[in-house]
Amino acid sequence: MEKKYDVTALGELLIDFTDSGKSQQGNPLLEANPGGAPCNVLSMLTRLGKSAAFIGKVGNDGFGHMLERTIQEQGIDASGLCFDDQVHTTLALVLKKENGDRDFSFYRNPGADIMLKEEEVRCDLIERSRIFHFGSLSLTDEPVITATLRAMDCAKKAGCLISFDPNLREPLWNSLDEAKAQIDWGMKQCDYLKISDNEITWFTGKEDYQEGIDFLFETYPNLSLITLSMGAEGSRACTRNITVDVPAFLQEGTIETTGAGDTFCACILNMILEHGMDRLDKDTLRQGLRFANAAASIVTTRKGALRVMPQKQEVIQFLAERD
């Protein structure tokens with residue numbers, strides 16, 4: 001079958017209410033930013049000239065229709081987006097802690113994203129895609145768990161390369177044991193794993209990052225590529241016989257890190273699309289990490305994520321100024 005899409009992603013599409021200062025009365029001001037990790041990834045991919053489609057669910061409300069318009073504006077095919085008449089669009093409050101970390105609070109009990117049903121999954125979009133991407137937030141509750149299983153079955157039968165980002169959000173799980181079990185399932189499905197420093201330590205129990213990566217390769221024979229994002233320490237890419245580290249691009253203008261990991265993930269998927277999973281040598285991985293780190297660094301200087309991803313030429317210029 002002809003592959004119309006480079007990447008189709010399934011998962012959450014929501015509103016991130018992010019800190020935007022204080023009013024004259026001293027009350028916090030919150031900006032309604034379109035978000036959700038899978039669509040953040042797709043948005044960056046469209047900036048890189050790739051074709052993308054999304055499968056998910058929002059409420060049949062003002063926020064839901066705003067999100068539909070937003071992803072269409074980014075060039076993402078929204079024909080797989082469903083609307084729920086009973087459950088509102090999922091909302092997240094993203095506040096910064098004093099140490100700079102983010103504190104997430106979700107209005108999602110339920111939220112429309114978890115109401116996606118098995119029969120609503122557009123398998124035709126997946127079948128016409130080179131890569132299928134998903135995260136763990138579609139594995140927290142039914143019916144979206146069963147919908148994700150259905151999507152994965154479609155992707156496997158169509159021969160898609162599978163990309164997975166655990167994207168752990170503790171408040172959304174009944175327990176961390178349940179989170180670990182579902183993320184384990186996700187690990188068993190994917191060819192490419194994007195994981196962060198705190199996630200690999202939690203999941204593997206290894207304080208040393210390389211020991212954690214080695215554990216994952218040993219435990220999951222399906223894995224071909226692992227990238228590890230390490231915040232200010234940069235990033236690492238590992239195949240079964242190559243390891244590459246690239247430092248981060250730290251900027252004084254950093255505002256927040258929302259969307260940085262998704263930007264990074266999209267750039268790695270772009271590298272895979274352009275070079276092929278079987279032809280990733282050390283130089284290709286190094287250049288891919290450098291580009292991904294640069295794009296992620298740019299996003300940290302902007303509020304929100306989905307609408308503010310950098311253009312390809314902007315990332316190239318950013319790197320040229322630092323050569």
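1. In helix α9, the residues Arg290, Phe291, Ala294, Ala295, Ser297 and Ile298 meet Lys312, Glu314, Val315, Ile316, Phe318 and Leu319 of helix α10, where contact means heavy atoms within 4.5 Å. Helices (H or I, at least four residues) and strands (E, at least two) are DSSP runs, numbered from the N terminus. The two helices, α9 and α10, pack at an angle of about 105°, and their axes are 9 Å apart; axes here are lines fitted to C-alpha atoms, for helices over the stretch in contact, and angles run from 0 to 180 degrees between N-to-C directions. That angle makes α9 roughly perpendicular to α10, a term used for 65 to 115 degrees, whereas under 35 counts as roughly parallel, over 145 as roughly antiparallel and the rest as oblique.

2. A word on the basis of this note: this is a predicted model, in which local features need pLDDT of at least 70 and side-chain atom pairs count only at pLDDT 80 or more, while totals for chains, interfaces and linings use all residues. Residues are numbered from 1 along each chain as its sequence is written, and side-chain values use heavy atoms, with hydrogens and water left out.

3. Nine strands form an open sheet with mixed pairing, in the order β5-β4-β1-β8-β9-β10-β11-β12-β13; two strands pair if DSSP finds at least two bridges between them. Because β5 and β13 (243–246) stand at the edges, each with a single partner strand, one side of each is left without a neighbour in the sheet. From one strand to the next, the twist averages 15°.

4. Strand β1 (residues 5–10) pairs with β4 in the parallel sense over four bridges, and within this pairing Val7 stands opposite Ala52 of β4. Helix α1 (residues 37–47) packs on the sheet, where it touches β1, β4, β5 and β8 (129–135), and its direction makes about 145° with that of β4. Helix α9 (residues 282–299) also packs on the sheet, touching β11 (225–229), β12 (235–238) and β13, with a direction at about 30° to that of β13.

5. Strand β4 (residues 52–59) and strand β5 (residues 76–84) are likewise parallel partners, joined over seven bridges, and Ile55 stands opposite Gly80 in β5. Between these strands the chain passes through helix α2 (residues 62–73), and this β-α-β crossover is right-handed, which means that, with the strands pointing away from the viewer, the path from the first strand over the helix to the second runs clockwise.

6. How many salt bridges does a search of the whole structure find? The search finds 14, a salt bridge being a side-chain nitrogen of Lys or Arg within 4 Å of a carboxyl oxygen of Asp or Glu. One of them joins Asp6 to Arg130, with the closest N and O atoms 3.3 Å apart; since Asp6 lies in strand β1 and Arg130 in strand β8, the pair ties together parts that are 124 residues apart in sequence. Asp6 counts as buried at 13% relative accessibility, whereas Arg130, at 37%, counts as partly exposed (buried means under 20% relative accessible area, exposed over 50%, partly exposed in between, with a 1.4 Å probe and protein chains only).

7. The side chains of Asp323 and Arg290 also meet in a salt bridge, at 2.6 Å from N to O. This pair links distant parts of the chain, with Asp323 in the segment after α10 (312–320) and Arg290 in helix α9, 33 residues apart. Asp323 is exposed at 72% relative accessibility, while Arg290 is partly exposed at 21%.
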